[in-house]
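Take it one region after another, and define the terms along the way.

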Amino acid sequence: MQKSQGTYSIFADRVVLRFFVCAYAALLVLMALSGHQEGSDDVMRWVVVQDLLQGQGWFDSHQYRLGPEGGTLMHWSRLIDAPIALLYGTFGLVLPPDMALQVTAFVWPSLLAGLTLWAFAVTGSVLGAREGAVSALVVGVLALEHSRKFDYFSFDHHNAQILLFATALMLFALRRDKPYAGWLLGACLALSVSIGTESILQIALVAVFFTIDWIVNGEPTRRRTMAFGIGLVLTLVLTSLATTGHEAFLFPSCDALTLSVALPASVAAAGLCIAAWIGSGWSLWGRIGACVAIGVVTLACAYGFAPHCLSNPIEALPQDMRDYWLSQVAEAQKINVILQLHRGEALALIAMSILCMAAALIFAVRSPFRLEYALFLALIVTGLVVFLYQSRMMTFLGVSLVAVQAQILRVLYSSYASRRRALSGFAMVAFILCISPKTGASIDEQLGRFAGPSLAASAMPARQSQQSSGASCKTPEAYAALRDLPAGRVLVDFDFAANVLRHTDHSVLAGNYHRNRAGILAQIELFRSDADQVGSRLTELDVDYVMLCMSAPRAEFWSWASQGRGLQPRLIAGEIPAYLRRIQAAEGAAFQIFQVTGAG
């Protein structure tokens, strides 16, 4: 049986508590200095919260202004909407609406960032006492700042999932010494699944290693294993009843808390609870057999009720969506595209992942915390493999590295403190500098300057296009002219759809939301077709306005996709089809707006 960290308590260590306050303050300052960019998901989350505050039903998950007639059934959880709405409503009692929003947009992600940083520190303290906790705080500040998921106006649910993932790792490390860790871990995993399934691989790995703990240790782990299963099942039941409507729960999808997700997870957790209750005293092979049986039943349940969850979700998308929409979504890019846009950053993350895999393996062999480091190793390997396939895993891969990075830093510091050798100090400082993948981007840029313009400049136009193009079309002022027009349906580039919903009363045909399949396919058809042929189709889709961002970040793409005959390239060239009428806007306006007249 593994040993605990002894009698050390992070709560009684004033040095760590003071360092936490300083680290948290430093994180807030770093995030403020690095600026922010409101992503489409952050804006859409605020639109959903506004709809809730304005009277939309608690169990009604539709976004009625997104997509063709009938709107779009969203997959986002009220578990995120509720606290944001509560904060905004509370601040709104004493502040004007705009200022209440600004304060909420700062407080919500900052609160989650502080809790996540504390979870890192506790995990570090379990593995390495005071030095481990302080090292985890240093690493955690750099990791969270790089993630950009806790910046101002970060209303998207990914920051909450990062918090729950970090908390799950903390509770896993505390499971031997804290009686409450088992059921809290089960509740934590269930809450993460209830909010979204982006991190379901990581969540599943934590559950698998908790099960391995029971298989290896048997009777001493009986109570906490039962508590884990009960906590997971009860939380799934409660969140399903409290946050999910009948239509949303039965929707055949695996991207949210649906029957397809909740039933197999509950079967597995309940099975583990029963196995721990009656089989903790069995032999090792008996416990292995029980877990194999649970796995078979869970898979059978998944095949019977959710076969679509066992296949690649991307393969389920129509080919046009994959070719002309998903290919342009930054989070869905494969490693070859990421290397073109962010070569130094990606290579630095991959190199750090390989280093941490080696370190986790060494720690697993030499440390009493073998199962913890085996879990970290599995998480890093899984995160790296998925990151190579889809870039959205970068965030969770970075979080998976923190515990191992912290212990590497602890070892380097201990070596320097005991010997006071310059080389040890240099190694420690160099490692800290390499924790953030931004260092890799800086090195790549500097190497390019020495090697010649081709190395440094090859990715710069694409990077700048991704980061800055269209920024003027996301400001509130950009939608002033549209606000003055009678409410209607707008055809606008996917990237700006959420902003239209936020700043106006209009609806949009499509946005960057995969459940908006009908709208996305219709918009792809409109943008790919000959501009002279889409007038009647616009009328069929009840489109009233066409908006063109003057910086047009997707203009070249749609010109290629339509062979230069599509609506976007024609409008950019100043060729206005007969079925459109230009609406005069102020000089220098971010958008050109055209009204669909139905003629032509």
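A348 is buried, with a relative accessible area of 18%. Here buried means under 20% relative accessible area, exposed means over 50%, and partly exposed is in between, using a 1.4 Å probe and protein chains only. The model is a predicted one, in which local features need pLDDT of at least 70 and side-chain atom pairs count only at pLDDT 80 or more, while totals for chains, interfaces and linings use all residues. Residues are numbered from 1 along each chain as its sequence is written, and side-chain values use heavy atoms, with hydrogens and water left out.

A348 belongs to helix α14, which covers residues 343–366. Helices (H or I, at least four residues) and strands (E, at least two) are DSSP runs, numbered from the N terminus. Leaving aside residues up to four places away in sequence, A348 touches P437 and G440; a contact means heavy atoms within 4.5 Å. A348 and G182 are 166 residues apart in sequence, and their C-alpha atoms are 36 Å apart in space.

Two other helices can be checked for length. The expected span of a helix is 1.5 Å times one less than its number of residues. Helix α7 (residues 200–217) has 18 residues and should therefore span 26 Å, which agrees with the 26 Å between its end C-alpha atoms. Its buried residues include I203, L205, V206, F209, F210 and W214, and also D213 and N217. After α7 comes G218, with a positive phi near 65 degrees.

Helix α23 (residues 517–528) has 12 residues, and the distance from its first C-alpha to its last is 16 Å, close to the 16 Å expected. The buried residues of α23 are G519, I520, A522, Q523, I524, L526 and F527. Among the elements that cover them are α12 (319–324), β3 (489–491), α24 (535–540), α25 (555–561) and α26 (567–572).

Next come the strands. Strands of a sheet pair through backbone hydrogen bonds, either parallel or antiparallel. In this analysis two strands pair if DSSP finds at least two bridges between them. An open sheet of 5 strands runs in the order β4-β3-β5-β7-β6, and its pairing is mixed. Because β4 (507–508) and β6 (580–583) stand at the edges with a single partner strand each, one side of each is left without a neighbour in the sheet. Strand β5 (residues 543–549) pairs with strand β7 (residues 591–596) in the antiparallel sense, over 5 bridges. L548 stands opposite Q592 in β7.

Some backbone angles deserve a look. Most residues other than glycine have a negative phi. A129 is not a glycine, yet its phi is positive, about 55 degrees. This residue lies in helix α4 and is buried, with a relative accessible area of 16%. D542, also a residue other than glycine, has a positive phi near 60 degrees. D542 is found in the loop between α24 and β5 and counts as partly exposed, at 43% relative accessibility.

On a 1 Å grid over the protein atoms alone, a cavity is a set of points where a 1.4 Å probe fits but cannot get out, and a pocket is an open set with protein on both sides within 12 Å along at least five of seven lines; lining residues have an atom within 4 Å of a point. Grid points are joined across faces, edges and corners, and a volume is the space filled by probe spheres set on the points.

The second largest pocket has a volume of about 430 Å³. Its lining has 18 residues, and E38, L101, P476, R502 and H503 lie nearest its centre. Helix α4 gives the most to this lining, with 4 residues. The lining divides into 8 nonpolar, 6 polar and 4 charged residues, where Ala, Val, Leu, Ile, Met, Phe, Trp, Tyr, Cys and Pro count as nonpolar, Asp, Glu, Lys and Arg as charged, and the others, Gly among them, as polar.

A search of the whole structure finds 5 cavities of 30 Å³ or more. The largest cavity has a volume of about 150 Å³ and is lined by 15 residues, with S61, H75, W76, T244 and A256 nearest its centre. The second largest cavity has a volume of about 110 Å³. It is lined by 13 residues, and those closest to its centre are V48, D60, S61, R78 and D81.
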